[in-house]
Amino acid sequence: MKDIEMLPMNIGLDEEVREKVCATLAGVLANQHVLYIKKRNYHWNLVGERFHTLHEFYEAQYTQIEKAIDETAERIRQLGGVAPGSMAEFLEAATLEEVKGGLIHGEDSIKALVNDHDVVIKGLRTAVAEVESQGDAGTADFLTALMQSHEQMGWMLRSFLR
Ligand SMILES: [Fe+2]
């Protein structure tokens, strides 16, 4: 691939800081992809009496995550980084584990997703503190909002459980 030179950036965050922040964002982007695909998987392969409700609920949630994926990748670009763009890169950087396609009951799928959201929320909480300590207020704000959206999604999932 040909090297493409961009104009240097002068936004008050030096290159080293921006590289660290982009690496943090790349980890977030990777987990978002795993969670996105897992929700699609469950949207397709769910069985049981709550099929219809959960089928639609998962669609609403993965659509929300799809938007977050785009925003996260574009934030990397705004900081002068290159967004990872392949499944291999996402799987390598992700801390969440994907699951193969297979029939699953509603309750089991919810429990798996609640756990994944907990992992993502904890990861984002650490990431916010990291980028704050680097002086990147913009990314701290972005990741805080993302963490809040995961807290909201986690709450909705948890509320399905008895
Ligand atoms: Fe669908």
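Tutor: We shall go from the overall layout to the core and then to one pair of helices. This is a predicted model, in which local features need pLDDT of at least 70 and side-chain atom pairs count only at pLDDT 80 or more, while totals for chains, interfaces and linings use all residues. Residues are numbered from 1 along each chain as its sequence is written.

Student: Which pattern does the chain follow along the sequence?

Tutor: Helices (H or I, at least four residues) and strands (E, at least two) are DSSP runs, numbered from the N terminus. Here the chain has five helices and two strands, arranged in the order α-β-α-α-β-α-α.

Student: Which residues touch the most other members of the largest nonpolar core?

Tutor: In soluble globular proteins, nonpolar side chains tend to be buried together. A nonpolar core is a set of buried Ala, Val, Leu, Ile, Met, Phe, Trp, Tyr and Cys residues joined through C-beta atoms within 7 Å, where buried means 20 or more other C-beta atoms within 10 Å of the residue's own, with C-beta atoms placed from the backbone. In this structure the largest such core has 27 residues, and Leu 25, Leu 124 and Leu 143 touch the most other members. Helix H1 (15-45) is one of the elements giving two or more residues to this core, and H1 gives the most, with nine.

Student: How do H1 and H4 pack?

Tutor: Axes are lines fitted to C-alpha atoms, for helices over the stretch in contact, and angles run from 0 to 180 degrees between N-to-C directions; an angle over 145 counts as roughly antiparallel. H1 and H4 pack at about 170°, with their axes 11 Å apart, and are therefore roughly antiparallel to each other.

Methods: Buried ≥ 20, exposed ≤ 12 C-beta atoms within 10 Å, placed from the backbone. Parallel < 35°, antiparallel > 145°, perpendicular 65-115°, else oblique.
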